Amino acid sequence: MSESIYFLNDEQELLKVCGESKIIESVQSKEITADKSELMNDTLSVSVLDDKKIRDAAFMAVRENDDSFSMYKITADSDPRGRLSFTGVNFAVDELHSFIVLDMRPSNRSIKQVAEQILGYTNSEWRVGYVDPTLPAISGTFYYLSVKDALKQLQTFGCEIVFKCKIDGNKITDKWIEIYKQIGIFSNKRFVYGSNALEVVRQRDRSQLYTSIIGRGKGEEVGDGYGRRIEFTDIEWKKANGNPLDKPKGQNWLEYPEMTALYGIPMKNGSKRKRETVLILEDIEDPKELLQATYENLVEYSRPLIQFKTSVLGGDSIGNTVTIHRSDKNYHYKTRVFSVKIDRISNKVECGLGDNLNTSSTRQAASVQNSVTNLAETKMTFYDSTEISKWQSDIIRGAHGGAVILMSPSDYPANHPQRGESRQPFQMVWMDGDSIQTSSHFLVANSDGIGFIDGDFYTSPFKTAWTIDGKFNADFIQTGTILADIFETSFNKLGDTLKLISGALQVENDGLKIMELTKRGMEFWSGSKSIGTIGTAGEPFPDLVDQDGPVSMDGKALIVRTDGDGDYIALSAKTGTGMILGNGKGMYLIDPNIRMIGDVVINGNVDIRNGELRIDGQKVVPGQGGGPSPGGGTGTGGYPPELTTDAEKYAWDWWSFALNNGYSEEAAAGVLGNIQGEVGSSMNPNTAQVGGPAFGWVQWDGSAYPLVGSPTWDGREYVQRLMAAAGIREDYTTSLAQAKLIEWSMYNGQWIGQVSPTTVAGFKAITSVEQAATAFELNFERPAAAHPERQGYARNWYNKLHGLQASQLVGEEGLAHLETLIGRWIGNGQCYAVPAEYSGFLGGCGLGAGTKYGLTHVIGNTSAAADIGIAYDWAAVGWQVILNPTYEQLVVGSIVNITRGAYWGGWFTDTTYGHTGVIRGLENGRIQTYEQNTEKGQIVERFDREYRGGNQISSIVIPPK
């Protein structure tokens, strides 16, 4: 799936949506609790790249389907290096705990009616959604408890509740609950061990298994109390009549014969007897209803509980009933998903399948009800109460089982010397089993101190580890960490002493500290002065940047550094040779033969004294080179031959830009229909409103509600203000600059989403030309009155531009001229001379570089090849510039200018000047060029280069033919 995390503030208003590229981890855990009096456990754990917009987020949400979200209240967050981590629980559990139900006493009301009455206490903040129509009517009391606790109580009547919400625009617009008899459906999903189930482990519970139940309902009213309980003795069931089991009249129990045959009590004659229990259902007054409820409980009681732990690929939804198979152990079950742990990035799912063995809810509820009823109906003697109090005391102390026991003399065997009648505790015992008899390792705390017994508790010796007066036996220190203020030992015969002082490890020689282990690493001392450290923490080069960006060494390098001026780090294989790093004194490599093997990048000046810089024997002459420049996606630059008028070419400028920035052809045409409606059939971006404050393709108007700054009646000034905010450097009157500004405005307040599609993403994917024209008009332009004629304009532009391809072959005469110069030195021998010769030959700008074509049309710094696209006024000579082009935007015959420090042809370009050349071909996803001053020396040669993305190329300059 394509994952997104929605972050919201304390008002539950949307702060930001983080897409999958920003998400490091997203783990969602859900569990249908075994105890029906508890709501579903639902948590979300998220880590994303650091973003100041969401650092103080209070809620987060994930989309479950097209109509609903699961939202979580953030309960914990942290900000480890470069990321933000959040942990949250389902927001409904927290929110509904703060609404109070005062007094509700429904009688024979549907669950939906009861739920609506409960949620009425939220003042319409929450509503009831879907409710299973087969759920029974209920009666009960809800008195001064929270809405959350009221829903928990409602769930005990045999239903399961889920919480949902809807995010629309930038806020929560709906919150509701859904109530099911059982969450989930019967799914076709199969989990097969060794295929989509990575492991299958079965756990089985045979406790509380019965194949026959005597069902008893509410007691009959007699006088001022209740007498004999209702039974179903006079009700007859026959399987032949469609009943699930046979039960004749006169029989007060219901048996499941098939389960008795499997799990009944084995008799000496070889038969099986039913396992029977009594079930009291206090709230049932009708014998038929009692029989049905007894049957439903018998289905649960008559089989072992089975739970599967499995890790699956592509898990099913929580609550669904699926099939699970492990053939080597003959596991073939239809079972329910009661818990899921979903990694929403990798789609790996850990499932809990089967019965939640934490406690079967049905058996737990019935057991508690029986126990309470029996207690209410049984009279107790003084002796009974005394024995029960002893039993309770023993249970609390652990005398009848448990891993901990608070022992008294009465707990010892009769013949043991410590046996006595006193029940006063004198020692605490922890053990590795569930009783003294089943354990072999014991930790004992008594008046002697704390110690251990291994073996038989009553006969094995007690070994004291820590006496009552505070003496610790070091024989018991076998693992772990010792924390002390001072720890000291001598470890050699040279006078060196190892000390542990307040957590710092030190080495002293004759009382002087020579080394200390601190958070900086190993710190070395001379007298009272710290010389330096060896460690892994810190940033010795905080400003270091390579071709991939800032370089961090903290925790990633073994760092050796000194602390003061005049100190040195020296590495030497023999006297007079090696490497010296001096704090404030420079770095020295001392050897008559120094070799560097591999790629070398030098950021900074290189001063070669009394020598020359050569590449493969060719002397390098300083001169013009290459470098980067900002920009965005544009069209290919060439125009289809079918387009001849200026209006058509202006339209193509937007069309090609839009398609390269994710717009469908229909969306691009919809915008063109509105551009024509705003500036007329000329399609000229340099159009101001006559007598009004608007300017440009879409007539940006800052007179009332400007996106940036204060209101202004000067449309040209307003457009330039917007472009400054958007970082657009091109001439504000050009189609490229205004195409970029339309794209920026879509995401910065101009698009209001009042009609469908309401989102920019939805608009970009639109498939109807007419709908696109209307949507852009009402969501972006927002005129006082609608203009349906724009739909026709949009359709005309779509019909004209659909399927056209821009010309990718220009400058043929110039390419033919460069072909005649192969193998020759031209101009000053630098790379700059190739585009200088090419542009001058075709009548473009004069670039100098030692050619006969002197500098002309200069508007910027001409020293760097990377800046050729922005250093000259190319538009004045009819040439077009595309900054940071994609491969599809490259044009045969264009000048290609390579970014400073970019990887190009197996080497990195100059970090001051960059590099340049001319494109002669575009085949096999690569770039064929003419270049000079390369790995082949200072001559013109043909090359076949790898394309590595728009950031590799600062610009291309395209001749008009």
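# Questions on a predicted model

There are 17 helices and 54 strands in the protein. The model is predicted.

Biologist: What share of the residues counts as buried?

Modeller: Buried means under 20% relative accessible area. The protein has 961 residues. Of these, the buried share is 43%.

Biologist: How much accessible surface does the protein have, and what part belongs to carbon and sulfur atoms?

Modeller: The accessible surface comes to about 50,500 Å². The part that belongs to carbon and sulfur atoms is 50%.

Biologist: Among contacts between residues at least 6 apart in sequence, what percentage joins residues at least 24 apart?

Modeller: Contact here means heavy atoms within 4.5 Å. Take the contacts between residues at least 6 apart in sequence. The part joining residues at least 24 apart is 54%.

Biologist: In which sense do β15 and β21 pair, and which residue of β21 is the bridge partner of I213?

Modeller: Strand β15 covers residues 212-216. With β21 it forms 5 bridges, in the parallel sense. In β21, the partner of I213 is T277.

Biologist: Is N779 buried or exposed?

Modeller: N779 is found in helix α13, residues 769-781. Buried means under 20% relative accessible area. N779 has a value of 0%, so this residue is buried.

Biologist: Which backbone oxygens lie 3.0 Å and 3.3 Å from a polar atom of the side chain of N779?

Modeller: Leave aside the neighbours of N779 within four places in sequence. Its contacts then include Q750, W751, V755 and P757. The backbone oxygen at 3.0 Å is that of V755. The one at 3.3 Å is that of P757.

Biologist: How many salt bridges does the structure hold, and which residues does E95 join in a network of them?

Modeller: Side chains of opposite charge can pair when their charged atoms come close. The structure holds 28 salt bridges. A network of salt bridges links E95 with E125 and K175.

Biologist: Which residue forms a salt bridge with D174?

Modeller: D174 lies in strand β12, residues 171-180. The closest N and O atoms are 2.8 Å apart, and the partner is R127.

Biologist: How far apart are the closest N and O atoms of R795 and E770?

Modeller: R795 is in helix α14, residues 789-801, and E770 is in helix α13, 25 residues away. R795 is partly exposed at 29% relative accessible area. E770 is partly exposed at 26%. Their closest N and O atoms form a salt bridge at 3.0 Å.

Key:
Residues are numbered from 1 along each chain as its sequence is written. This is a predicted model: local features need pLDDT of at least 70, side-chain atom pairs count only at pLDDT 80 or more; totals for chains, interfaces and linings use all residues. Side-chain values use heavy atoms; hydrogens and water are left out. Two strands pair if DSSP finds at least two bridges between them. Helices (H or I, at least four residues) and strands (E, at least two) are DSSP runs, numbered from the N terminus. Buried means under 20% relative accessible area, exposed over 50%, partly exposed in between (1.4 Å probe, protein chains only). A polar contact is a pair of N or O atoms within 3.5 Å; within protein, one must be able to donate a hydrogen and the other to accept it, and residues adjacent in sequence count only if both atoms are side-chain atoms. Accessible areas come from the Shrake-Rupley method with a 1.4 Å probe; for residues, only the protein chains shown count as cover. A salt bridge is a side-chain nitrogen of Lys or Arg within 4 Å of a carboxyl oxygen of Asp or Glu.
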